Amino acid sequence: YIQKLSQKTIPLQTNSWSQESYLYIYPNPSKNVFTILTNATDATLEVYSLSGAKLLCLSNIRNKGSFDLSPFPPGIYAVQLREKDKTIIRQTVLKN
């Protein structure tokens, strides 16, 4: 199952809309490793527990990458993709 989320991005400094950004995360759910596809050119991916603790931070995400949640227990995690001064996408993933 591949889920595509897209939204218009809002730079933090202005109220203007910029290009449409997207983030695919698959497979979702997964046992450990998730693959991402995005049109971001230099982004940071952060993974948080539902209690708000930052568990993982990967920088220099460009177009495709992956992240591994094997050190963490099964559950629901929040994923945030940031590029420069804006948050592009927020999404949840399920590790089973």
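Strands, like helices, are DSSP runs numbered from the N terminus, a strand (E) having at least two residues and a helix (H or I) at least four. The model described here is predicted, so that local features need pLDDT of at least 70 and side-chain atom pairs count only at pLDDT 80 or more, while totals for chains, interfaces and linings use all residues. Residues are numbered from 1 along each chain as its sequence is written, and side-chain values use heavy atoms, with hydrogens and water left out.

**The sheet**

- An open sheet is formed by 4 strands in the order β5-β4-β7-β8, with antiparallel pairing, where two strands pair if DSSP finds at least two bridges between them.
- At the edges stand β5 (54-61) and β8 (86-95), each of which pairs on one side only.
- From one strand to the next the twist averages 20°, with axes taken as lines fitted to C-alpha atoms (for helices over the stretch in contact) and angles running from 0 to 180 degrees between N-to-C directions.
- Strand β4 (residues 43-49) pairs with β5 in the antiparallel sense over 5 bridges, and Ala43 stands opposite Ile61 in β5.

**The nonpolar core**

- A nonpolar core is a set of buried Ala, Val, Leu, Ile, Met, Phe, Trp, Tyr and Cys residues joined through side-chain atoms within 4.5 Å; buried means under 20% relative accessible area, exposed over 50%, and partly exposed in between, with a 1.4 Å probe and protein chains only.
- The largest nonpolar core has 19 residues, of which Ile25, Leu45, Val47, Phe67, Leu69 and Leu81 touch the most other members.
- At least two residues of this core come from each of β2 (20-26), β3 (33-38), β4, β5, β7 (75-83) and β8.
- Beyond its neighbours within four places in sequence, Phe67 has contacts (heavy atoms within 4.5 Å) with residues including Ile25, Phe34, Leu45, Val47, Leu58 and Val79.

- Ile89 lies in strand β8 and is buried, its relative accessible area being 1%; its C-alpha atom is separated by 8.0 Å from that of Val79, 10 residues apart along the chain.
- Glu83 lies in strand β7 and counts as buried at 9% relative accessibility.
- A polar atom of the Glu83 side chain lies 2.8 Å from the backbone nitrogen of Thr41, and a polar atom of that side chain lies 3.2 Å from the backbone nitrogen of Asp42.
- Not counting residues up to four places away in sequence, Glu83 touches Ala40, Thr41, Asp42, Ala43 and Ile88.

Definitions and conventions
Polar contact = N/O pair within 3.5 Å; in protein donor to acceptor, adjacent residues only side chain to side chain.
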